[in-house]
Amino acid sequence: MKELLLLSGLGIFALLAEMINARKIIFPVVIAGLLLNIFFCMHDIMAGNNENLFNMLLLDRIPLVFTLLLSVLAIFWFIMAKNYFKDETNLSDHFALVLFSMVGVFLLTSYTHMSMLFLGVEILSIPVYVLAGSDKRNTYSNEAAFKYFLLGAFASGFLLLGITFVYGGTGSFNTLQIASSSVLGAGISKQLLTIGLLLILFAMAFKVSAVPFHFWTPDVYTGSPTVVTAYMSTIVKL
């Protein structure tokens, strides 16, 4: 839980930094916060913590390892993108968008409820749509953001429809109950479950630009600022 609160707190701090005249310390605070997040993850992994948050999120070894890895990548990314952010007037907005998308990443590594899957995907994706168009003077960047947003919304529709079919087939949004029902096969509709899982797979394949759902990738990756493309092709994909 503290990892989620820390990432959310960093995002809120970055969002308010301009108002409280703390723009100059955003970068060191964010790096220190991510290092602290790595420490929390390592501590929980070594202690064997297994935290269940309201049957919505499960923080056991696997989500914590992914969160640790993503935090390490995020530190490298912030260091690499430091010069890109330096000349921007909306510095705090860029930091906040990246950190809030990291919250979505965290949800995607630990969800046990289908509603958290959808929230994780959207919290991850919406800031990235904005970041793709962050080079406002470049028409290709604007086109990339618009195309990514439209196709992303289309994929989100597939995801929601898939979740609906899975619920219709199993009567549950909980992934553990869905898994056990699928194995037992009693009281479920295998046809609805299969269709729902395929639709969810299609939506996830779009998010990671897997063939044949990759047609948006060249335009978006080319039009987006290079540091944003680096973020999309590493942290988002992982």
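## Helices, strands and the model

Helices (H or I, at least four residues) and strands (E, at least two) are DSSP runs, numbered from the N terminus. Phe100, for example, has its place in helix H5, and H5 covers residues 91-110.

The model is predicted, and local features need pLDDT of at least 70, side-chain atom pairs count only at pLDDT 80 or more, and totals for chains, interfaces and linings use all residues. Residues are numbered from 1 along each chain as its sequence is written, and side-chain values use heavy atoms, with hydrogens and water left out.

## Helix H1 against helix H5

Helix H1, which spans residues 2-16, and helix H5 have axes (lines fitted to C-alpha atoms, for helices over the stretch in contact, with angles from 0 to 180 degrees between N-to-C directions) that come within 7 Å and cross at roughly 160 degrees. H1 is therefore roughly antiparallel to H5, a description used for angles over 145 degrees, while those under 35 count as roughly parallel, 65 to 115 as roughly perpendicular and the rest as oblique. The crossing of H1 and H5 is left-handed, meaning that the near helix is turned anticlockwise from the far one by less than a right angle, whereas clockwise would be right-handed.

Contact means heavy atoms within 4.5 Å, and on the H1 side the residues that meet H5 are Glu3, Leu4, Leu7, Ser8, Leu10, Gly11, Ile12, Ala14 and Leu15. Their partners in H5 are Ser92, Asp93, Phe95, Ala96, Leu99, Phe100, Met102, Val103, Phe106 and Leu107. The residues of this contact of H1 with H5 divide into 14 nonpolar, three polar and two charged, where Ala, Val, Leu, Ile, Met, Phe, Trp, Tyr, Cys and Pro count as nonpolar, Asp, Glu, Lys and Arg as charged, and the others, Gly among them, as polar.

Phe100 counts as partly exposed at 26% relative accessibility, since buried means under 20% relative accessible area, exposed over 50%, and partly exposed in between (1.4 Å probe, protein chains only). Leaving aside neighbours within four places in sequence, Phe100 is in contact with Ser8, Gly11, Ile12, Leu15, Ile123 and Pro127. The C-alpha atoms of Phe100 and Ile123 are separated by 6.9 Å, although these residues are 23 residues apart along the chain.

## Helix H1 against helix H2

Helix H1 also meets helix H2 (residues 26-47), and the two axes come within 10 Å and cross at roughly 175 degrees. H1 is therefore roughly antiparallel to H2. From H1, the contact is made by Lys2, Glu3, Leu6, Leu7, Leu10, Phe13 and Ala14, while residues on the H2 side include Ile26, Val29, Leu36, Phe40 and Asp44. The residues of this contact of H1 with H2 divide into twelve nonpolar, two polar and three charged.

Leu36 lies in H2 and is partly exposed, with a relative accessible area of 36%. Its C-alpha atom is separated by 31 Å from that of Gly133, a residue 97 residues apart from Leu36 along the chain.

Thr170 belongs to helix H7, which runs over residues 139-170, and is buried at a relative accessible area of 14%. The side chain of Thr170 reaches the backbone oxygen of Ser172 at 3.4 Å. Not counting residues up to four places away in sequence, Thr170 touches Ile178, Ile188 and Leu193. After helix H8 (residues 175-184) comes Gly185, whose phi is positive, near 75 degrees.

Ile200 is found in helix H9, residues 190-207, and is buried, with a relative accessible area of 10%. Apart from residues up to four places away in sequence, Ile200 touches Met114, Leu117, Leu159, Gly162, Ile163 and Val166.

Most residues other than glycine have a negative phi, and most peptide bonds are trans. Phe54, although not a glycine, has a positive phi of about 55 degrees; this residue is found in the loop between strand E1 (51-53) and strand E2 (57-59), and is exposed, with a relative accessible area of 73%.

Ser209 likewise has a positive phi of about 55 degrees without being a glycine, but Ser209 counts as buried at 13% relative accessibility. Ser209 sits in the loop between H9 and H10, and Pro212 is found in the loop between H9 and helix H10 (217-223). A cis peptide bond joins Val211 and Pro212, with omega about 5 degrees.

Definitions and conventions: A polar contact is a pair of N or O atoms within 3.5 Å; within protein, one must be able to donate a hydrogen and the other to accept it, and residues adjacent in sequence count only if both atoms are side-chain atoms.
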